[in-house]
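Trainee: I have a structure open and would like to go through it with you. Can we start with the rings and then move on to the strands?

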Amino acid sequence: MFEFPNVSHMPFISTDGVVFCCLPVNGIWKLHVFINGAWQRIYTGQPEDATECGPCAEYDEGVWRISFIAGGSAEKTRFYLYRMLSDMPNPSAPSDVSDLSAIAPAMSGFSREMRTVSASRSGPVEIGGSGQPRQLIFHDAQYYYRISFNPHDVQQLIISGSSHDNAVFTRSFHLITQEAHNITINAQPAYKCALWRNECYYARQTGPNFEDRTICAGDAEFTPLGPALLTLKKADVCKYAEDTGHLAFANIPCRGNEIICRRDGHSTFARNCSAQSCSAFEPEC
C-alpha cells in the first residue's frame, strides 16, 4: 500500500508501481513523483505560478510518457493538456525531456500512445486516437474535474466531475464494452481516484475547503450505471482536416497533434477542426 503526504491530490500509479501526484509548492499544485524514498518535483516547463494537475504516466520501450494539465499563470492563463517524453519518471531539467508538447486546450484529460482524451470544464469528453474521434456525454454532468485511466486496463476511463445539483461523482467508462459504473468508497464518491491492481486511492476531503484533500486508500465499489445516463457518439470532424500528430509518441519531434484544414488552411489542435473554427467546415459522412 502506498502512502502520500497529508496535503495531496490527483494520484496516479503506473503499472510497475511508480507513484505520481500533485503536492503544493508555495500554495500552488505541482507534479511530483515518489523516487528513491522521497517525493521529487517533476520538471514540466511551466511557469512557477502555473497550476499543474492530472498526471498520467506509462513506461514503454525505454520512454516515459507523462501527460498533465497546466495553466492559470500570468504568462499562460489558458489551461492545456500537455505531454512530455523522458527516459526517466522524474525529469528535473529541460535536458531530461526529449519532447514537450501542448496537445489541446483542456481542463482535464490525458495523452498516451494512440489515445488522447480531454474535456473542457463543461465537457463533453473528447476521445481521439486511432479511428473516428468520439464524444462521451454524461447527461447529468455539469463539470468535469479529472480524466485518467486504469493502468491495468487502458480502455477503462476514470472520470470525476459534478452533476447539475453540485453532487460530486467519479465514474468509470470502458471504451470497448461501453459499460459505465459509479466508483464509491464507503458510499462516498472516490474523488479523482487512481486504480492500481485491487487498490483504490482517492482524494478525501480533510478540511473546510473543497480542495483540502489527502490521498487515502479504500475498497472501491463499482455500481453499474444505466445506458440512458450517457451518450457515446461520433465527433464532428471536418473531412478536409488532416491530422499531422499520428507520430506523437515516436522518438521524433512532435507537432502537438496539430491539424491543418486542407480547404480552409487554418491550423488548430486535433479534434478541434469544427464549424466554429473552420470557415469551410464539412463534417465527415
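Trainee: How many aromatic pairs does the structure hold?

Mentor: It holds 15 aromatic pairs. Keep in mind that this is a predicted model.

Trainee: Take F2 and W196. What kind of pair is that?

Mentor: Edge-to-face, because the ring planes stand at 70 degrees and the cut-off for that class is over 60. The ring centres of F2 and W196 are 5.0 Å apart.

Trainee: Which residues do the ring pairs link into a cluster with F2?

Mentor: F4, F34, W39, W196 and Y201 are linked with F2 into a cluster by ring pairs.

Trainee: Charges over rings next. Which ring does R112 sit over?

Mentor: The ring of F149: the charged end of R112 is 5.7 Å from its centre. There is also R171, which lies over the face of F138 at 5.0 Å from the ring centre.

Trainee: What else does F138 touch?

Mentor: Leaving aside neighbours within four places in sequence, the contacts of F138 include Y144, I159, A180, L225, L229 and L230, along with R171. F138 also belongs to the largest nonpolar core, which has 46 residues. Together with F20, V125, L136 and I159, F138 touches the most other members there.

Trainee: Which strand gives that core its largest share?

Mentor: Strand β6, residues 63-71, with five residues. Another core lies apart from that one; it has nine residues, among them I185, A190, C193 and C216.

Trainee: Changing topic: how many helices and strands does the chain have?

Mentor: Zero helices and 25 strands.

Trainee: Pick β16. Which strands does it pair with?

Mentor: β16 pairs with β15, residues 168-174, over three bridges, with β21, residues 221-224, over four, and with β17, residues 188-189, over two. The β15 and β16 strands run antiparallel, as do β16 and β21, and the β16 and β17 pairing is antiparallel too.

Trainee: Which residues face each other in those pairings?

Mentor: A180 in β16 is the bridge partner of F173. N182 stands opposite T223 in β21, and T184 is opposite P189 in β17.

Trainee: How many residues sit between β15 and β16?

Mentor: Five, and the two strands form a hairpin. In its turn, Q178 has a positive phi of about 60 degrees. β16 and β17 form a hairpin as well, with two residues between them, and N186 in that turn has a positive phi of about 55 degrees.

Trainee: Is β16 itself covered or uncovered?

Mentor: Mostly covered: five of the six residues in β16 (residues 180-185) are buried.

Trainee: What is the phi of A187?

Mentor: It is positive, about 70 degrees, although A187 is not a glycine. A187 is in the loop between β16 and β17, and it is exposed, at 62% relative accessible area. R197, in the loop between β18 and β19, also is not a glycine and has a positive phi of about 55 degrees. R197 is exposed at 61%.

Trainee: Which peptide bond is cis?

Mentor: The one from G123 to P124, with omega near 0 degrees. P124 is in the loop between β10 and β11.

Trainee: Last, the whole chain. What share of the residues is buried?

Mentor: Buried residues make up 52% of the 285. The accessible surface is about 12900 Å², and 48% of that belongs to carbon and sulfur atoms. Of the contacts with a separation of 6 or more, 44% are between residues 24 or more positions apart.

Technical notes:
Residues are numbered from 1 along each chain as its sequence is written. This is a predicted model: local features need pLDDT of at least 70, side-chain atom pairs count only at pLDDT 80 or more; totals for chains, interfaces and linings use all residues. Side-chain values use heavy atoms; hydrogens and water are left out. Rings of Phe, Tyr and Trp (its six-membered ring) pair if their centres lie within 6.5 Å; planes under 30 degrees apart count as stacked, over 60 as edge-to-face and the rest as tilted. A charge sits over a ring if NZ of Lys or CZ of Arg is within 6 Å of the ring centre and within 35 degrees of the ring normal. Buried means under 20% relative accessible area, exposed over 50%, partly exposed in between (1.4 Å probe, protein chains only). Contact means heavy atoms within 4.5 Å. Accessible areas come from the Shrake-Rupley method with a 1.4 Å probe; for residues, only the protein chains shown count as cover. Two strands pair if DSSP finds at least two bridges between them. A nonpolar core is a set of buried Ala, Val, Leu, Ile, Met, Phe, Trp, Tyr and Cys residues joined through side-chain atoms within 4.5 Å.
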